[in-house]
Every structure is written in structure tokens, then in C-alpha cells.
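Me: Please take a close look at the aromatic pairs in this model. I would like the geometry, the place of each ring in the chain, and some context for the rest of the fold.

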Amino acid sequence: NDDIPPSMKNAKDYYYENFISPYAWEQVLQRFPQLHLCLAHFGGEESWGRDRFKFKPDWFSKLCEMMRLYPNFYVDTSYFMFDDLFIGQFAEAVQDEKVRNKILFGTDWYMINFEWSRLGHGSSYRNFFRKTYNKFIDTELLKIDNYFPARALVLNPLRFLNFKEILPKLNTVYKCLTGKEISLMEWVPELPETIEQFKGDK
């Protein structure tokens with residue numbers, strides 16, 4: 001934006017390069033390779049489409065590389081307005097099983113409500129969810145993996161959050177404080193970890 005003073009542009013570039021860029025976060029993962037880390041927005045819209053190569057370095061390719069390399073590194077699609085032009089690129093990324101097992105559906109609900117209202121689309125988060133889900137069940141994606149929506153909405157988040165291990169620990173603290181158990185505890189053994197379990201083919 002030409003209205004941004006040069007000093008502010010430099011500050012923004014510094015912030016992006018040192019606190020947001022996947023290249024910056026990879027330095028953290030190199031020191032702590034088992035760290036559970038999720039970077040939001042799958043690199044942002046600037047990382048998508050033909051114009052992404054104007055932005056150096058290429059965040060999209062780097063994020064895919066990191067998903068393949070680090071066992072607990074994920075990305076989410078929060079605030080990602082799926083443009084029809086990007087579906088081909090997204091489908092190309094999820095051809096890789098390691099990548100599609102590391103993509104989470106992110107909510108970013110307050111930004112969605114704010115931005116959609118500002119743009120005149122209304123402020124219904126349900127409409128955004130429906131739009132995103134329709135992209136998740138795009139024919140091109142389902143040809144690659146018929147259960148991709150189950151991965152992004154259920155299986156991948158459960159794995160990223162380490163839910164089966166974390167919830168019993170939270171329950172211990174909750175029980176000490178309240179004398180009651182978390183109501184979800186009875187579901188823990190039934191939580192799916194694989195597509196086969198999700199389908200009921202245990």
C-alpha cells in the first residue's frame with residue numbers, strides 16, 4: 001500500500017519475516033522437532049495462485065515441505081476465503097498424504113463475522129462454514145481422498161490437540177477442583193484415530 005510510510009513498511013516486513021514466516025518458525029522446529037505447532041491461514045492468500053511467486057520466498061511450498069518433515073507441524077485454513085482459482089493448487093497439495101493429514105479447519109469466527117459484514121456479505125458464520133465445507137467436498141478434492149473433510153474437521157484436529165492424552169489430565173485437575181468428571185471422558189475411548197475407525201471399520 002503506497003499510503004504506508006517507508007518506516008512502517010520496513011517494520012511490517014521485519015514482523016512478517018521474523019514472527020510469521022514459516023522460514024522463521026522452522027528455526028524453532030529445528031531446535032524442537034517434536035513441538036506441536038500450527039501456522040494459520042496456510043500462508044495467507046498472498047501465498048496462493050500464480051502471483052505467489054512475486055512474494056519471495058515461497059511460503060506455500062515451504063509450509064508443505066514442513067508438513068512432510070516435522071511430525072507435529074500443521075496448518076489451518078482459518079480466514080481462508082477459498083477462491084475457485086485456488087482449488088487446483090489446494091488439490092495439488094493434498095495429493096501428498098502427509099500434507100492432507102496435517103490440514104485443520106480453522107474458525108477465526110470473529111474475523112469472519114467482522115470482514116463479511118464489512119464487505120456486505122452479512123455476518124453469518126454459518127454461511128462461511130457452509131462455503132468452506134463446500135470447497136472441502138469439491139469434486140477435485142474428493143477424487144483424491146473421499147474422506148478429506150473427515151480429516152480436516154475431525155481426525156487431524158484430534159491428533160494435533162493430542163486429545164486422548166490431554167483430556168484425562170485435564171479431567172484430573174477438573175475433578176480436584178469440582179469433585180466432578182468432565183462429561184466428555186466417557187467418549188475418549190471411542191474417539192477415532194484413523195479413517196477406518198471413523199468409518200466404523202475398526
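Reply: Rings of Phe, Tyr and Trp, the last by its six-membered ring, count as a pair if their centres lie within 6.5 Å. By that criterion the structure, which is a predicted model, holds eleven aromatic pairs.

One of them joins Phe90 and Phe148, with 5.8 Å from centre to centre and 75° between the planes. Planes over 60 degrees apart count as edge-to-face, and the pair of Phe90 and Phe148 is of that kind. Phe90 sits in helix α4 (residues 87–94) and Phe148 in helix α9 (residues 148–161), so that the pair links distant parts of the chain, 58 residues apart. Phe90 and Phe148 are both buried.

Another edge-to-face pair is that of Phe105 and Phe136, with centres 6.4 Å apart and an angle of 85° between the planes. Phe105 belongs to the loop between β3 (103–104) and α6 (109–118), while Phe136 is in helix α7 (residues 125–136); the pair therefore ties together parts that are 31 residues apart in sequence. The cut-off for buried is under 20% relative accessible area. Phe105 counts as buried because its relative accessibility is 16%. Phe136 also counts as buried, because its value is 1%.

As for context, the chain has eleven helices and three strands. Their order along the sequence is α-α-β-α-β-α-α-β-α-α-α-α-α-α. Of its 202 residues, 38% count as buried. Among contacts with a separation of 6 or more, 67% come from residues 24 or more positions apart.

A helix contact can be described as well. The axes of helix α2 (residues 22–31) and helix α3 (residues 59–69) come within 10 Å and cross at roughly 20°. The two helices are therefore roughly parallel, and their crossing is left-handed. On the α2 side the contact involves Pro22, Tyr23, Trp25, Glu26 and Leu29; these meet Trp59, Lys62, Leu63, Glu65, Met66 and Leu69 in α3. Sorted by class, the contact of α2 with α3 has eight nonpolar residues, three charged and no polar ones.

How values were computed:
Residues numbered from 1 in each chain as written. Predicted model: local features only at pLDDT ≥ 70, side-chain atom pairs only at ≥ 80, totals over all residues. Heavy atoms only, no water. Axes fitted to C-alpha atoms, helices over the stretch in contact; angles between N-to-C directions. Helix = DSSP H or I, 4+ residues; strand = E, 2+ residues; numbered from the N terminus. Parallel < 35°, antiparallel > 145°, perpendicular 65-115°, else oblique. Left-handed = near helix turned anticlockwise from the far one by under 90°. Contact = heavy atoms within 4.5 Å. Nonpolar A, V, L, I, M, F, W, Y, C, P; charged D, E, K, R; others polar. Phe/Tyr/Trp six-rings, centres within 6.5 Å; stacked < 30°, edge-to-face > 60°. Buried < 20%, exposed > 50% of the residue type's maximum accessible area, 1.4 Å probe, protein only.
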